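Take a moment to look over the chain before reading on. Turn it around on your screen, and keep the sequence close at hand.

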Amino acid sequence: MAKAKSSKSLVYKCTECGYTQPRWLGRCPQCGSWNTLEEAIVDPNSNAAAFGNVATEKIKPVPLANISAQENSRIETGIAEFDRVLGGGAMKRSAILIGGEPGIGKSTLMIQACAAIHKTTSGKILYVSGEESAGQIKGRADRLGLDTTGIEILCTMRLEDIKDALLAVNPIFVIIDSIQTVYSVEAGIVPGTVNQLKYCANELIGWVKERDSVLVMSAHVTKEGTIAGPKSLEHMVDTVISFERNDDEVRFLRAIKNRFGSVDELGIFAMSEKGLEGVGDPSMMFITKRSGAIPSGIANSCVFEGSRAFLVEIQALTVPAKSSISRVYSEKVDSNRVARVAAVLEKKTKLKFSDQDLYVNVAGGVKLTESAIDAALAAALYSARTDIPLAQGNVILGELSLAGEIRPVPRLKQRVKTAKELGFVQIAAPEKEDGAQKVSTVGEMIKTVFEK
């Protein structure tokens, strides 16, 4: 029986000139260098072969202790809020996936980043668009007053055209808008399928991993807000960023996955006629300014998003249940947390919440996941149920246990300091702190923050 031919062939490649031949020689026949021929493989399925390289060096293990850590290997996008979410800038040889609903501003952010990067670097930038024409992209850049010098535009959906452009331009920053529109004849002719997404993304990521470049791919999302396509696409990239917005012109940029930084940072943008503008100090952005008395069902807290502290306003409303089963309506705070806090209140204050429909909202539309808002959420629900407003200038901090205890929260001193700097004087905290009153239980908190 004839032996099956292997898909990989072993050759010897000169490290000086790239000459290859099937057997080892002491001297390269092409450039004349001695002892420069090393083992290499010819693999038609490899990324290197796909991008025109005949042979790639055979990978061998090396001691991790001998590897030097990457330093000064980030490219700053020039957009402070974007860099904050990325962990200080985009890491070279990395792939970034940005998902968001249609019209949220993904393309606007990308073209702004391209223009800002060109101001600080000398390398070229490649913008690949499978959804818009070159004229549409140029028109957007002109409306935003952006300098498009150094930006190469390619409007295509074929992966093979993108490969040729990457080899010709050799950019330091690559935008794919969007990855769902890219297709390759090797995986069919219909874009957006699972095979197409995995194949095309793998080819592009393979290219960027071998060069000091950054790949940014925008992605469509489902109606639930998650990135469309196979979950493996998120595993393939280094950073996954979610682009969200509230009912106003505010946009939130949040990292879901980040191999080179924290996932706790939040980037805040305001959409204007000049495009997306970063909000550097959001301290009072999510607090409603009122000239009169504070209504019932309103409580304030201080939260941390990464390294920044800012105040948020939690709004609660309770109404008799429309059916025999009460429901919780809450998008910005986890509904399970709302139900848990209401259960603790019902146990400790004898107020009945089980026959009420609970509505909870956060002013400004920011999503809150921190446990430090538990006490403020309890105060808002109590105020809504009793129709008694909280005292003016209130800020309530603390995690609520099932036993009704107000538990400590991290970085309490910074939270209290932020509240005091913004003029809030009625501060309730689980620990003794200058400018704040200590409360240990939910009963003490209610007696402290409510008007008589």
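First, some ground rules. This is a predicted model, in which local features need pLDDT of at least 70, side-chain atom pairs count only at pLDDT 80 or more, and totals for chains, interfaces and linings use all residues. Residues are numbered from 1 along each chain as its sequence is written, and side-chain values use heavy atoms, with hydrogens and water left out.

Let us begin with strand β7, which covers residues 94-100. Helices (H or I, at least four residues) and strands (E, at least two) are DSSP runs, numbered from the N terminus. Is this strand enclosed or open? Because 7 of the 7 residues of β7 are buried, the strand is largely enclosed by the rest of the structure. Here, buried means under 20% relative accessible area, exposed means over 50%, and partly exposed is in between (1.4 Å probe, protein chains only). One face of β7 holds Ser 94, Ile 96, Ile 98 and Gly 100, while the other holds Ala 95, Leu 97 and Gly 99. Two strands pair if DSSP finds at least two bridges between them. β7 pairs with β11 (residues 214-219) in the parallel sense over 6 bridges, and Ser 94 has Val 214 as its bridge partner there. β7 also runs parallel to β12, joined to it by 5 bridges; in β12, Ser 242 is the bridge partner of Gly 99.

Next come the nonpolar residues. In soluble globular proteins, nonpolar side chains tend to be buried together. A nonpolar core is a set of buried Ala, Val, Leu, Ile, Met, Phe, Trp, Tyr and Cys residues joined through side-chain atoms within 4.5 Å. The largest such core here has 46 residues, and Leu 368, Leu 381, Ile 396 and Met 445 have the most contacts inside it. Elements giving two or more residues to this core include β13, β14, α8 and α11, but the largest share, 9 residues, comes from α9. Another core, of 32 residues, lies apart from it, with Leu 109, Ala 113, Ile 137 and Leu 144 among them.

Now find Thr 441, in the loop between β24 (437-438) and α11 (442-449). Thr 441 is partly exposed, with a relative accessible area of 31%. Contact means heavy atoms within 4.5 Å. Leaving aside neighbours within four places in sequence, Thr 441 is in contact with Gly 404, Glu 405 and Ile 406.

Finally, look at the charges. Side chains of opposite charge can pair when their charged atoms come close. A salt bridge is a side-chain nitrogen of Lys or Arg within 4 Å of a carboxyl oxygen of Asp or Glu, and the whole structure has 20 salt bridges. One of them joins Asp 142 and Lys 138 (3.4 Å, N to O). These two residues both lie in helix α4, 4 residues apart, about one turn of the helix. Another joins Asp 238 to Lys 209 (2.7 Å, N to O). Asp 238 lies in the loop between α7 and β12 and Lys 209 in helix α6, so the pair ties together parts that are 29 residues apart in sequence. Asp 238 counts as buried, at 2% relative accessibility, while Lys 209 counts as partly exposed, at 33%. Arg 415 and Glu 370 also meet in a salt bridge (2.4 Å, N to O), and both are buried.
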